[in-house]
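Subject: Structure handover: salt bridges

Hello,

Here is the structure for you to open.

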Amino acid sequence: MALQGPIPVTFAMVFPHGCYIVGEVEPVKDFDASSNGRFVQARDKQTAELVWQVAVMDGDPTLKPAQKTVAVKILAPVQPVPPTPMPGLPFTPVEFDGITVTPYVNAAGRLAFSIKVQEMHAPRQTAQTTSTTKAGKEAA
């Protein structure tokens with residue numbers, strides 16, 4: 001099979017309705033290297049970058065509540081800084097670049113995906129958002 005290891009995907013493929021940060025960016029523990037109260041941060045097996053994790057809520061309205069929150073692992077040499085919160089919103093919108101997914105079978109015997117990213121940033125303005133804004137200005 002041609003697919004070996006993590007599968008590259010786009011942000012729109014994983015989060016077509018967007019996503020929102022609902023937790024802190026935290027280091028991921030390397031359970032094999034950590035011992036006797038000594039914390040060792042995990043490193044990615046392919047890139048050797050430090051691994052950080054943040055909980056995000058998927059904006060898909062059709063998901064069940066238990067399916068909405070997922071952990072995204074960020075590979076970076078220093079702790080990533082989330083985008084600035086937007087006034088009036090309870091959660092901070094976020095986008096990711098350099099996304100890969102790795103399928104696996106979880107403890108319940110169901111197919112699950114590990115999501116790893118290279119970069120976290122504020123959402124970019126899309127063509128749809130731009131045309132909606134222009135239409136609103138022209139109508140005014």
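The notes below cover the salt bridges.

First, the ground rules. This is a predicted model, in which local features need pLDDT of at least 70, side-chain atom pairs count only at pLDDT 80 or more, and totals for chains, interfaces and linings use all residues. Residues are numbered from 1 along each chain as its sequence is written, and side-chain values use heavy atoms, with hydrogens and water left out.

Side chains of opposite charge can pair when their charged atoms come close. How many salt bridges does the structure hold? There are three. A salt bridge here is a side-chain nitrogen of Lys or Arg within 4 Å of a carboxyl oxygen of Asp or Glu.

One joins Asp 44 and Lys 116, at 2.7 Å from N to O. Asp 44 sits in the loop between strands E3 (26-27) and E4 (51-58), and Lys 116 in strand E8 (residues 111-117), 72 residues apart. Strands (at least two residues) and helices (H or I, at least four) are DSSP runs, numbered from the N terminus. Both Asp 44 and Lys 116 are buried. Buried means under 20% relative accessible area, exposed over 50%, partly exposed in between (1.4 Å probe, protein chains only).

Arg 124 pairs with Asp 97 at 2.8 Å, N to O. Asp 97 lies in strand E6 and Arg 124 in the loop between E9 and H3, so this pair ties together parts 27 residues apart in sequence. Arg 124 also meets Glu 95, at 3.9 Å, N to O. Glu 95 is buried, at 14%. Asp 97 is partly exposed at 21%, and Arg 124 is partly exposed at 48%. Shared partners join Glu 95, Asp 97 and Arg 124 into one network.

Best wishes
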